[in-house]
Amino acid sequence: MPKKVSLMGLCLAAAMLLSYVETLIPPLVAFPGIKAGLANIVVIFALWRFGFKEASLISFSRIILCTLIFGNFVSFWYSLCGATLSLIVMALLKKTEKFSVIGVSIAGGVMHNVGQILIAIFILGSRAVLSFLPALIIFGAVSGVAIGTLSALLIKKLEKTKFY
Amino acid sequence: MPHRLYRDMQVAMNKKRNDLILLLSIVLVTALVLIVFHFLKTDGATVTVTKNGEKYATYPLMQDAEIKLSGAQGHATLIIEDGQAYIKDASCSDKLCIKQGKINKNGETIVCLPNKLVITVNSDDDPAVIS
C-alpha cells in the first residue's frame, strides 16, 4: 500500500511537471484553455495501471496544486470542468473494452474541450462561445490521437516494470 | 498457446477499427455542422458587447467607431471599420482577443476570457447605443 501511494505520488509529480511544460508552449488556437493536454498522458496511464478512483485523485490533486503554483481562480474552473468530464467519459469508454488507449484518449480530449466550453458559457453568461465548439472538438480529437499514442507507448513500456 | 495469441490480436485489431470509427465520426459530424453553419451565415448589422455576463452595449456595424472597453483585467479597444469589428489592443494577459480577428457575420464572436468580454455580431433592428 505505501508503495502504491509513492507510485501515485510520482505520477502526480510527473503530471505537474507536464502541466508546467505546457504553460511554456505558446497557444496554438486563439482561445484560452486550449492545450495539448500533456498531463493527460499521466492520467490515462493511471487509469490503466490503477483505476478510475486513483486516476481522479491524481488529476484533481494536479489541478489544485497547479492552480496554487501558476494558475489563477478562473483557469481553475476551466481545468476542473474539463478534467471531470473527460475523466468520466474516458473511464466509461475504457469499461466498454471496445476501444484502445488511443480511442479513449480521443474521447477524453474532445470532452475536455466540451467541458471548457460549458463552463465558459456559465462564466461569461453567453452562449456565443458555442461557435468555437467545432474547432475545439477537432483540435481535441487531434491532440487526443497524439496523447493517446504516447500513453499507449508508456503503458506498454511500463507494463512489466515493477516499481516495487 | 497460438489460439489465445490469435484471439488477442483480433481483439486489438477490433479496438483499432473502433478507434478509427470514433475519430472519423467525430471529425465528419463536426465538419458537416461547420459546413452547414457556414452557408447559413448572414451579414450582421450590429455588434453587442457583453461584460461579465451582462449585456453592456450595442453598436451598428455600418458606422466606423473606436470604442474603449474596460474589462476585469483592464482595457480593450474595439474597432468598427468597413462593416467589420475587431479588437485592436487590449491589456489582458493573453491577447487572444486580438488574434481572433475580424467578425461581421451573424453569430460570430470574439471572446476575451481574462477580461470577461464577449463581442457578438447580431441583427437587432434598432441598435440602442448605450455608452
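The briefing below covers the interface and then the sheet.

This is a predicted model, in which local features need pLDDT of at least 70 and side-chain atom pairs count only at pLDDT 80 or more, while totals for chains, interfaces and linings use all residues. Residues are numbered from 1 along each chain as its sequence is written, chains are lettered from A in the order in which they are written, and side-chain values use heavy atoms, without hydrogens and water.

**Interface of chain B and chain A**
- Chain B contributes 24 residues and chain A 29 residues to the contact (heavy atoms within 4.5 Å).
- About 2200 Å² is buried between the two chains, 77% of it from carbon and sulfur atoms; buried area is the accessible area (1.4 Å probe) that two parts lose on being put together, summed over both.
- On the chain B side, Asp19(B), Leu96(B) and Leu113(B) lose the most area to chain A, together 25% of what that side buries.

**Sheet in chain B**
- An open sheet of 4 strands runs in the order β2-β1-β7-β6 with antiparallel pairing; strands are DSSP runs (E, at least two residues), numbered from the N terminus, and two of them pair if DSSP finds at least two bridges between them.
- β2 (54-60) and β6 of chain B stand at the edges with a single partner strand each, so one side of each lacks a neighbour in the sheet.
- β1 (residues 46-51) of chain B pairs with β2(B) over 6 bridges, and Thr48(B) lies opposite Thr58(B) in β2(B).
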